[in-house]
Amino acid sequence: MPSAVPTARETITKFTNCRILKGDELVEQDLWVSSGTGKIVRNQEAFYSSHAVPDHTINLDGRIISPGLIDVQLNGAFGFNFSTVPEDPSTYGKVLRQVNKSLVQTGVTSYLPTLTSSNKEAYHQALPFLGPSGQRRLASDGAESLGAHCEGPFLNPTKNGIHPREVLVAAENGFSDLEDMYGSENINPTLDPISNAILPPRIRKITAAPEIAGITSAISDITSRGIVYAIGHTEATYEEASAAIAAGGTMITHLFNAMAPLHHRNPGVFGVLGLAKSLPRPYFGIIADGIHLHPTSIKIAFNAHPDGFILVTDAMHLVGLPDGVYSWNENSGERLVKTGPSLTLEGTDKIAGSSITLIECVNNFLNFSGCTISQALKAVTSTPSAMLHLQGVKGSLESDADADLVIIDEEVHENGARSLTIDQVWKFGSKVFDRDE
Ligand SMILES: [Zn+2]
(Lines give C-alpha, C1' and ligand atoms only; values in the text may rest on other atoms or scores of the structure.)
Protein backbone atom coordinates (compact mmCIF):
# COMPACT_ATOMS: atom_id res chain seq x y z
CA MET A 1 0.00 0.00 0.00
CA PRO A 2 1.41 3.45 -0.86
CA SER A 3 2.64 5.61 2.00
CA ALA A 4 1.71 9.26 2.36
CA VAL A 5 3.42 12.06 4.22
CA PRO A 6 1.42 14.65 6.18
CA THR A 7 1.51 17.94 4.34
CA ALA A 8 -0.59 20.22 6.54
CA ARG A 9 1.17 23.07 8.34
CA GLU A 10 2.34 22.19 11.82
CA THR A 11 0.08 23.36 14.62
CA ILE A 12 1.23 23.42 18.23
CA THR A 13 -1.60 23.01 20.73
CA LYS A 14 -1.29 23.61 24.44
CA PHE A 15 -3.80 22.05 26.82
CA THR A 16 -4.08 23.80 30.15
CA ASN A 17 -6.15 23.51 33.35
CA CYS A 18 -6.24 19.73 32.97
CA ARG A 19 -5.27 16.54 34.79
CA ILE A 20 -3.07 14.24 32.74
CA LEU A 21 -2.56 10.51 33.25
CA LYS A 22 1.04 9.85 34.32
CA GLY A 23 1.86 6.45 35.75
CA ASP A 24 -0.51 5.75 38.61
CA GLU A 25 -1.65 9.32 39.02
CA LEU A 26 -3.63 12.14 37.48
CA VAL A 27 -1.25 15.11 37.54
CA GLU A 28 -2.17 18.78 37.10
CA GLN A 29 0.11 19.74 34.26
CA ASP A 30 -0.06 21.44 30.84
CA LEU A 31 0.42 19.28 27.77
CA TRP A 32 1.75 20.42 24.40
CA VAL A 33 1.23 18.49 21.17
CA SER A 34 2.36 19.01 17.58
CA SER A 35 0.32 18.10 14.51
CA GLY A 36 3.54 18.26 12.49
CA THR A 37 5.46 15.50 14.24
CA GLY A 38 2.24 13.92 15.56
CA LYS A 39 3.89 13.70 18.96
CA ILE A 40 3.79 15.11 22.47
CA VAL A 41 6.10 18.11 22.38
CA ARG A 42 9.45 17.47 23.94
CA ASN A 43 10.74 19.68 26.67
CA GLN A 44 8.04 22.31 27.00
CA GLU A 45 10.53 24.51 28.88
CA ALA A 46 12.32 25.17 25.58
CA PHE A 47 9.20 26.93 24.35
CA TYR A 48 9.14 29.16 27.42
CA SER A 49 12.82 30.02 27.29
CA SER A 50 12.62 30.96 23.60
CA HIS A 51 9.31 32.80 24.26
CA ALA A 52 7.58 30.66 21.68
CA VAL A 53 3.81 30.63 21.89
CA PRO A 54 1.48 27.80 20.94
CA ASP A 55 -0.89 28.25 17.98
CA HIS A 56 -3.81 27.30 20.22
CA THR A 57 -4.35 27.11 23.94
CA ILE A 58 -7.25 24.97 25.11
CA ASN A 59 -8.58 25.39 28.66
CA LEU A 60 -10.02 22.01 29.71
CA ASP A 61 -11.70 23.24 32.92
CA GLY A 62 -10.17 20.47 35.01
CA ARG A 63 -11.03 17.64 32.64
CA ILE A 64 -8.78 14.59 32.23
CA ILE A 65 -6.36 13.91 29.37
CA SER A 66 -5.64 10.23 28.88
CA PRO A 67 -3.59 8.62 26.15
CA GLY A 68 -5.89 7.28 23.41
CA LEU A 69 -7.45 3.94 24.27
CA ILE A 70 -5.98 0.70 22.89
CA ASP A 71 -8.20 -2.36 22.27
CA VAL A 72 -6.17 -5.53 21.73
CA GLN A 73 -9.19 -7.70 20.95
CA LEU A 74 -11.73 -6.27 18.53
CA ASN A 75 -13.39 -8.62 16.03
CA GLY A 76 -15.15 -5.96 14.01
CA ALA A 77 -17.38 -2.92 14.43
CA PHE A 78 -20.06 -0.85 12.71
CA GLY A 79 -21.35 -3.86 10.79
CA PHE A 80 -18.00 -5.08 9.45
CA ASN A 81 -16.53 -8.38 10.70
CA PHE A 82 -12.77 -8.44 10.04
CA SER A 83 -12.99 -12.23 9.53
CA THR A 84 -15.64 -12.04 6.80
CA VAL A 85 -13.93 -11.32 3.51
CA PRO A 86 -16.38 -9.51 1.18
CA GLU A 87 -17.40 -11.25 -2.04
CA ASP A 88 -15.20 -8.76 -3.85
CA PRO A 89 -12.04 -8.89 -1.65
CA SER A 90 -10.78 -5.64 -3.17
CA THR A 91 -13.49 -3.76 -1.23
CA TYR A 92 -12.05 -4.96 2.13
CA GLY A 93 -9.67 -2.01 2.43
CA LYS A 94 -12.34 0.55 1.64
CA VAL A 95 -14.76 -0.78 4.27
CA LEU A 96 -11.93 -1.05 6.82
CA ARG A 97 -11.03 2.61 6.34
CA GLN A 98 -14.62 3.59 7.15
CA VAL A 99 -14.58 1.43 10.27
CA ASN A 100 -11.34 3.10 11.43
CA LYS A 101 -12.87 6.56 11.04
CA SER A 102 -15.92 5.57 13.11
CA LEU A 103 -13.94 3.61 15.69
CA VAL A 104 -11.72 6.55 16.58
CA GLN A 105 -14.81 8.47 17.69
CA THR A 106 -15.29 5.95 20.50
CA GLY A 107 -11.88 6.91 21.93
CA VAL A 108 -10.01 3.90 20.52
CA THR A 109 -7.02 5.45 18.72
CA SER A 110 -5.21 2.16 18.06
CA TYR A 111 -6.13 -1.50 18.17
CA LEU A 112 -5.46 -5.04 17.08
CA PRO A 113 -8.04 -6.09 14.47
CA THR A 114 -8.82 -9.64 15.56
CA LEU A 115 -9.56 -12.59 13.29
CA THR A 116 -11.55 -15.46 14.77
CA SER A 117 -10.70 -18.98 13.57
CA SER A 118 -10.95 -19.06 9.79
CA ASN A 119 -9.78 -21.13 6.87
CA LYS A 120 -6.45 -20.50 5.17
CA GLU A 121 -7.97 -18.60 2.28
CA ALA A 122 -9.59 -16.03 4.59
CA TYR A 123 -6.28 -15.35 6.39
CA HIS A 124 -4.48 -14.90 3.10
CA GLN A 125 -7.14 -12.46 1.87
CA ALA A 126 -7.70 -10.43 5.06
CA LEU A 127 -4.26 -10.17 6.68
CA PRO A 128 -2.68 -7.98 3.94
CA PHE A 129 -5.15 -5.24 4.98
CA LEU A 130 -4.68 -5.56 8.73
CA GLY A 131 -0.96 -4.95 9.27
CA PRO A 132 0.39 -2.03 11.30
CA SER A 133 -0.43 1.33 9.75
CA GLY A 134 3.26 2.19 10.16
CA GLN A 135 4.57 5.39 8.57
CA ARG A 136 1.30 6.80 7.23
CA ARG A 137 0.64 8.69 10.48
CA LEU A 138 -2.43 10.49 9.15
CA ALA A 139 -4.93 11.76 11.73
CA SER A 140 -7.68 11.58 9.10
CA ASP A 141 -7.23 7.79 8.85
CA GLY A 142 -8.89 7.42 12.27
CA ALA A 143 -8.06 4.47 14.49
CA GLU A 144 -4.76 2.83 13.68
CA SER A 145 -3.98 -0.87 13.41
CA LEU A 146 -0.99 -1.98 15.47
CA GLY A 147 -1.11 -5.30 13.61
CA ALA A 148 -3.52 -8.20 13.44
CA HIS A 149 -4.47 -10.53 16.27
CA CYS A 150 -5.07 -14.08 15.05
CA GLU A 151 -7.25 -15.83 17.62
CA GLY A 152 -7.09 -19.39 16.32
CA PRO A 153 -7.35 -21.69 14.49
CA PHE A 154 -4.85 -23.61 16.72
CA LEU A 155 -7.36 -23.87 19.57
CA ASN A 156 -8.71 -26.70 21.69
CA PRO A 157 -11.97 -27.93 20.07
CA THR A 158 -13.48 -28.47 23.54
CA LYS A 159 -13.04 -24.74 24.33
CA ASN A 160 -13.99 -23.36 20.95
CA GLY A 161 -16.64 -20.91 22.20
CA ILE A 162 -18.07 -19.51 18.98
CA HIS A 163 -15.13 -20.52 16.79
CA PRO A 164 -16.35 -23.03 14.20
CA ARG A 165 -14.91 -26.46 15.16
CA GLU A 166 -14.43 -27.55 11.57
CA VAL A 167 -11.63 -25.03 10.97
CA LEU A 168 -9.69 -25.77 14.20
CA VAL A 169 -6.39 -27.58 13.54
CA ALA A 170 -3.17 -28.75 15.24
CA ALA A 171 0.32 -27.64 14.21
CA GLU A 172 1.97 -31.06 13.88
CA ASN A 173 4.89 -29.49 11.98
CA GLY A 174 5.31 -26.63 14.45
CA PHE A 175 5.90 -23.10 13.18
CA SER A 176 5.85 -24.08 9.49
CA ASP A 177 2.18 -25.00 9.91
CA LEU A 178 1.53 -21.47 11.21
CA GLU A 179 3.40 -20.00 8.22
CA ASP A 180 1.31 -22.12 5.89
CA MET A 181 -1.99 -21.23 7.59
CA TYR A 182 -1.49 -17.45 7.92
CA GLY A 183 0.85 -16.94 4.93
CA SER A 184 4.62 -16.51 5.21
CA GLU A 185 4.34 -12.86 4.12
CA ASN A 186 1.96 -12.15 7.03
CA ILE A 187 3.85 -13.83 9.87
CA ASN A 188 7.38 -12.77 8.83
CA PRO A 189 8.96 -9.32 8.43
CA THR A 190 8.88 -8.11 4.82
CA LEU A 191 10.83 -5.61 2.74
CA ASP A 192 8.99 -2.44 1.70
CA PRO A 193 9.49 -2.35 -2.10
CA ILE A 194 9.42 1.48 -2.13
CA SER A 195 11.56 2.46 0.87
CA ASN A 196 13.51 -0.80 1.21
CA ALA A 197 12.74 -0.61 4.93
CA ILE A 198 12.09 -3.84 6.82
CA LEU A 199 8.42 -3.91 7.82
CA PRO A 200 7.26 -5.81 10.91
CA PRO A 201 4.99 -8.83 10.43
CA ARG A 202 1.34 -7.98 9.76
CA ILE A 203 0.44 -10.27 12.65
CA ARG A 204 1.09 -8.76 16.08
CA LYS A 205 -0.44 -11.37 18.36
CA ILE A 206 -1.41 -15.04 18.10
CA THR A 207 -3.79 -16.77 20.51
CA ALA A 208 -3.32 -20.55 20.53
CA ALA A 209 -3.83 -23.39 23.01
CA PRO A 210 -0.46 -24.60 24.34
CA GLU A 211 -1.62 -28.24 24.62
CA ILE A 212 -2.39 -28.44 20.89
CA ALA A 213 0.34 -30.40 19.08
CA GLY A 214 3.18 -28.21 17.86
CA ILE A 215 2.15 -24.99 19.60
CA THR A 216 4.41 -24.82 22.66
CA SER A 217 7.45 -25.72 20.54
CA ALA A 218 6.51 -22.91 18.07
CA ILE A 219 6.34 -20.16 20.72
CA SER A 220 10.00 -19.11 20.42
CA ASP A 221 9.61 -18.78 16.61
CA ILE A 222 6.52 -16.63 17.15
CA THR A 223 8.05 -14.29 19.73
CA SER A 224 11.41 -13.96 17.93
CA ARG A 225 9.46 -12.19 15.16
CA GLY A 226 8.12 -9.61 17.62
CA ILE A 227 4.73 -11.33 17.73
CA VAL A 228 3.06 -11.78 21.13
CA TYR A 229 2.02 -15.33 21.98
CA ALA A 230 -1.17 -15.54 24.06
CA ILE A 231 -2.62 -18.58 25.80
CA GLY A 232 -6.32 -19.01 25.08
CA HIS A 233 -9.29 -21.27 24.21
CA THR A 234 -7.51 -24.00 26.12
CA GLU A 235 -7.73 -26.96 28.48
CA ALA A 236 -4.14 -26.31 29.62
CA THR A 237 -3.17 -27.44 33.09
CA TYR A 238 -1.14 -25.16 35.34
CA GLU A 239 1.99 -27.08 34.26
CA GLU A 240 1.21 -26.72 30.53
CA ALA A 241 0.42 -23.03 30.93
CA SER A 242 3.64 -22.49 32.93
CA ALA A 243 5.64 -24.24 30.18
CA ALA A 244 4.09 -21.89 27.62
CA ILE A 245 5.16 -18.89 29.73
CA ALA A 246 8.66 -20.36 30.12
CA ALA A 247 8.81 -20.69 26.31
CA GLY A 248 8.06 -16.96 25.88
CA GLY A 249 4.29 -16.59 26.20
CA THR A 250 3.41 -13.21 27.74
CA MET A 251 -0.37 -12.94 27.50
CA ILE A 252 -3.60 -14.74 28.36
CA THR A 253 -6.57 -14.11 26.09
CA HIS A 254 -9.84 -13.29 27.93
CA LEU A 255 -8.86 -14.79 31.28
CA PHE A 256 -11.51 -17.15 32.74
CA ASN A 257 -13.47 -17.44 29.48
CA ALA A 258 -12.86 -20.53 27.27
CA MET A 259 -10.55 -22.20 29.80
CA ALA A 260 -10.90 -24.52 32.79
CA PRO A 261 -11.86 -22.73 36.02
CA LEU A 262 -9.50 -22.41 38.98
CA HIS A 263 -9.42 -25.69 40.92
CA HIS A 264 -7.62 -25.84 44.25
CA ARG A 265 -5.58 -28.88 43.19
CA ASN A 266 -5.10 -27.75 39.59
CA PRO A 267 -5.06 -23.95 39.36
CA GLY A 268 -5.00 -24.12 35.54
CA VAL A 269 -4.23 -21.06 33.43
CA PHE A 270 -5.34 -18.68 36.17
CA GLY A 271 -2.59 -20.18 38.33
CA VAL A 272 0.19 -18.60 36.25
CA LEU A 273 -0.80 -15.20 37.68
CA GLY A 274 0.73 -16.60 40.87
CA LEU A 275 4.02 -17.68 39.28
CA ALA A 276 7.14 -17.25 41.36
CA LYS A 277 9.71 -14.63 40.36
CA SER A 278 11.70 -17.07 38.20
CA LEU A 279 9.07 -16.67 35.46
CA PRO A 280 7.43 -13.38 34.46
CA ARG A 281 3.73 -13.20 35.22
CA PRO A 282 1.78 -12.68 31.98
CA TYR A 283 -0.55 -9.90 30.91
CA PHE A 284 -4.19 -10.92 30.61
CA GLY A 285 -7.31 -9.66 28.86
CA ILE A 286 -10.55 -9.12 30.78
CA ILE A 287 -13.97 -8.56 29.21
CA ALA A 288 -15.75 -6.22 31.65
CA ASP A 289 -19.15 -6.20 29.94
CA GLY A 290 -20.98 -7.46 33.03
CA ILE A 291 -21.92 -10.67 31.17
CA HIS A 292 -18.72 -12.61 30.48
CA LEU A 293 -17.47 -12.35 34.06
CA HIS A 294 -18.83 -11.76 37.54
CA PRO A 295 -17.62 -8.41 38.93
CA THR A 296 -15.90 -10.24 41.80
CA SER A 297 -13.89 -12.43 39.39
CA ILE A 298 -12.67 -9.25 37.71
CA LYS A 299 -11.67 -7.80 41.06
CA ILE A 300 -9.79 -10.96 42.05
CA ALA A 301 -7.90 -10.99 38.75
CA PHE A 302 -6.98 -7.32 39.11
CA ASN A 303 -5.77 -7.78 42.68
CA ALA A 304 -3.77 -10.88 41.68
CA HIS A 305 -1.68 -8.93 39.16
CA PRO A 306 -2.68 -5.27 38.61
CA ASP A 307 0.23 -4.56 36.23
CA GLY A 308 -0.92 -7.32 33.87
CA PHE A 309 -4.58 -6.29 33.78
CA ILE A 310 -5.83 -5.27 30.30
CA LEU A 311 -9.46 -4.43 29.51
CA VAL A 312 -10.61 -5.66 26.09
CA THR A 313 -14.02 -5.47 24.42
CA ASP A 314 -13.89 -8.70 22.37
CA ALA A 315 -16.62 -6.83 20.51
CA MET A 316 -18.14 -8.28 17.38
CA HIS A 317 -19.10 -6.30 14.29
CA LEU A 318 -22.57 -5.71 15.73
CA VAL A 319 -21.34 -3.07 18.19
CA GLY A 320 -23.29 0.09 17.36
CA LEU A 321 -26.14 -1.71 15.51
CA PRO A 322 -29.72 -2.22 16.79
CA ASP A 323 -30.81 -5.42 18.61
CA GLY A 324 -31.80 -8.37 16.41
CA VAL A 325 -30.62 -11.58 14.72
CA TYR A 326 -27.65 -11.27 12.38
CA SER A 327 -25.91 -13.69 10.04
CA TRP A 328 -22.42 -14.64 11.19
CA ASN A 329 -20.98 -17.81 9.68
CA GLU A 330 -22.23 -18.09 6.13
CA ASN A 331 -20.75 -21.58 5.67
CA SER A 332 -22.52 -23.13 8.67
CA GLY A 333 -25.56 -20.86 8.58
CA GLU A 334 -25.02 -19.91 12.25
CA ARG A 335 -26.47 -16.59 13.36
CA LEU A 336 -25.91 -14.23 16.29
CA VAL A 337 -28.55 -12.76 18.56
CA LYS A 338 -27.81 -9.24 19.84
CA THR A 339 -29.66 -8.15 22.97
CA GLY A 340 -28.16 -4.92 24.27
CA PRO A 341 -24.49 -5.56 25.10
CA SER A 342 -25.07 -9.35 25.02
CA LEU A 343 -24.37 -11.55 21.99
CA THR A 344 -25.24 -15.25 21.84
CA LEU A 345 -25.17 -17.94 19.19
CA GLU A 346 -28.75 -18.43 17.98
CA GLY A 347 -30.48 -21.38 19.66
CA THR A 348 -27.81 -21.68 22.39
CA ASP A 349 -26.72 -19.80 25.49
CA LYS A 350 -23.14 -19.61 24.19
CA ILE A 351 -21.65 -16.15 24.63
CA ALA A 352 -20.52 -14.89 21.23
CA GLY A 353 -18.23 -11.99 22.05
CA SER A 354 -19.73 -8.68 23.11
CA SER A 355 -21.10 -5.51 21.63
CA ILE A 356 -19.64 -3.11 24.15
CA THR A 357 -17.27 -0.16 23.67
CA LEU A 358 -13.95 0.12 25.48
CA ILE A 359 -14.90 3.21 27.51
CA GLU A 360 -18.00 1.31 28.71
CA CYS A 361 -15.66 -1.47 29.91
CA VAL A 362 -13.60 1.16 31.74
CA ASN A 363 -16.74 2.51 33.42
CA ASN A 364 -17.90 -0.99 34.41
CA PHE A 365 -14.48 -1.76 35.88
CA LEU A 366 -14.47 1.54 37.82
CA ASN A 367 -17.80 0.65 39.41
CA PHE A 368 -17.17 -3.09 39.88
CA SER A 369 -13.82 -2.63 41.56
CA GLY A 370 -13.86 0.77 43.22
CA CYS A 371 -10.40 1.37 41.74
CA THR A 372 -9.04 4.80 40.89
CA ILE A 373 -9.59 6.45 37.52
CA SER A 374 -5.90 6.18 36.73
CA GLN A 375 -5.89 2.44 37.47
CA ALA A 376 -8.87 1.93 35.14
CA LEU A 377 -7.33 4.03 32.35
CA LYS A 378 -3.97 2.25 32.64
CA ALA A 379 -5.74 -1.00 31.73
CA VAL A 380 -6.57 0.44 28.28
CA THR A 381 -3.44 2.57 27.71
CA SER A 382 -0.01 1.94 29.23
CA THR A 383 -0.59 -1.74 30.09
CA PRO A 384 -1.64 -2.88 26.59
CA SER A 385 1.15 -0.70 25.20
CA ALA A 386 3.70 -2.49 27.42
CA MET A 387 2.27 -5.88 26.40
CA LEU A 388 2.89 -4.87 22.75
CA HIS A 389 6.41 -3.50 23.51
CA LEU A 390 5.26 0.02 22.61
CA GLN A 391 6.15 1.85 25.84
CA GLY A 392 6.88 5.51 25.22
CA VAL A 393 5.19 5.41 21.79
CA LYS A 394 1.55 4.50 22.48
CA GLY A 395 -0.46 4.66 25.70
CA SER A 396 1.79 7.38 27.13
CA LEU A 397 1.78 11.15 27.61
CA GLU A 398 5.55 11.43 27.99
CA SER A 399 7.55 13.66 25.62
CA ASP A 400 7.93 12.20 22.14
CA ALA A 401 5.10 9.69 22.54
CA ASP A 402 2.51 9.74 19.74
CA ALA A 403 -0.02 12.50 20.47
CA ASP A 404 -3.05 10.17 20.54
CA LEU A 405 -5.28 11.56 23.28
CA VAL A 406 -8.75 11.48 24.69
CA ILE A 407 -10.27 14.33 26.70
CA ILE A 408 -12.49 12.84 29.37
CA ASP A 409 -15.30 14.28 31.45
CA GLU A 410 -15.81 12.65 34.83
CA GLU A 411 -19.22 12.40 36.48
CA VAL A 412 -20.43 10.98 39.78
CA HIS A 413 -24.11 10.06 39.68
CA GLU A 414 -26.62 10.30 42.54
CA ASN A 415 -26.37 6.56 43.24
CA GLY A 416 -22.60 6.91 43.60
CA ALA A 417 -21.81 5.34 40.20
CA ARG A 418 -18.91 6.94 38.39
CA SER A 419 -18.74 7.44 34.66
CA LEU A 420 -16.21 8.75 32.20
CA THR A 421 -17.33 10.27 28.90
CA ILE A 422 -15.16 10.83 25.84
CA ASP A 423 -15.45 14.54 25.03
CA GLN A 424 -12.72 14.79 22.40
CA VAL A 425 -10.33 12.51 20.56
CA TRP A 426 -6.98 13.63 19.15
CA LYS A 427 -4.88 11.56 16.78
CA PHE A 428 -1.26 12.47 15.96
CA GLY A 429 -1.76 15.94 17.48
CA SER A 430 -4.94 16.82 15.53
CA LYS A 431 -8.50 16.80 16.81
CA VAL A 432 -10.57 14.09 15.11
CA PHE A 433 -13.69 14.03 17.30
CA ASP A 434 -15.55 16.54 19.46
CA ARG A 435 -18.77 15.57 21.27
CA ASP A 436 -19.94 19.20 21.11
CA GLU A 437 -19.58 19.57 17.35
ZN1 LIG B 1 -12.11 -15.91 22.23
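Guide: Let's start at Ala-258, which counts as partly exposed at 22% relative accessibility; with a 1.4 Å probe and protein chains only, buried means under 20% relative accessible area, exposed over 50%, and partly exposed in between. Before going on, keep in mind that this is a predicted model, where local features need pLDDT of at least 70 and side-chain atom pairs count only at pLDDT 80 or more, while totals for chains, interfaces and linings use all residues. Numbering runs from 1 along each chain as its sequence is written, and side-chain values use heavy atoms, leaving out hydrogens and water.

Ala-258 sits in the loop between β17 and β18; helices (H or I, at least four residues) and strands (E, at least two) are DSSP runs numbered from the N terminus. Leaving aside residues up to four places away in sequence, Ala-258 touches Lys-159, His-233 and Thr-234, a contact being heavy atoms within 4.5 Å. Take Thr-234: 24 residues separate it from Ala-258 in sequence, yet their C-alpha atoms are 6.5 Å apart.

The zinc ion has Glu-151 (OE), His-233 (NE2) and His-254 (NE2) as its protein donors, at 2.1 to 2.2 Å. Donors here are N, O and S atoms within 2.8 Å of the metal (3.2 Å for Na, K and Ca), and since water is not among the atoms, sites may look incomplete. Along the chain, the donor spacing reads E-x81-H-x20-H. His-233 belongs to the loop between β16 (228-231) and α7 (238-246), and His-254 to the loop between β17 (251-252) and β18 (283-287), so this pair ties together parts 21 residues apart in sequence. Both histidines are tucked away by the accessibility rule: His-233 is buried at 4%, and His-254 is buried at 3%.

For something to set beside the zinc site, look at the charged pairs. There are 19 salt bridges, counted when a side-chain nitrogen of Lys or Arg is within 4 Å of a carboxyl oxygen of Asp or Glu. One of them joins Lys-394 to Glu-144, with the closest N and O atoms 2.7 Å apart. Lys-394 lies in the loop between α11 (382-387) and β24 (405-412), and Glu-144 in strand β11 (residues 144-145), so the bridge ties together parts 250 residues apart in sequence. Lys-394 and Glu-144 are both buried. Lys-394 also meets Asp-402 in a salt bridge (2.9 Å, N to O), and Asp-402 is buried at 5%. Those residues belong to a salt-bridge network made up of Arg-137, Glu-144, Lys-394, Asp-402, Asp-404 and Lys-427.

Lys-378 is in helix α10 (residues 373-378) and Asp-307 in the loop between α8 (295-304) and β19 (309-312), 71 residues apart. Here Lys-378 is buried at 16%, whereas Asp-307 is exposed at 52%.
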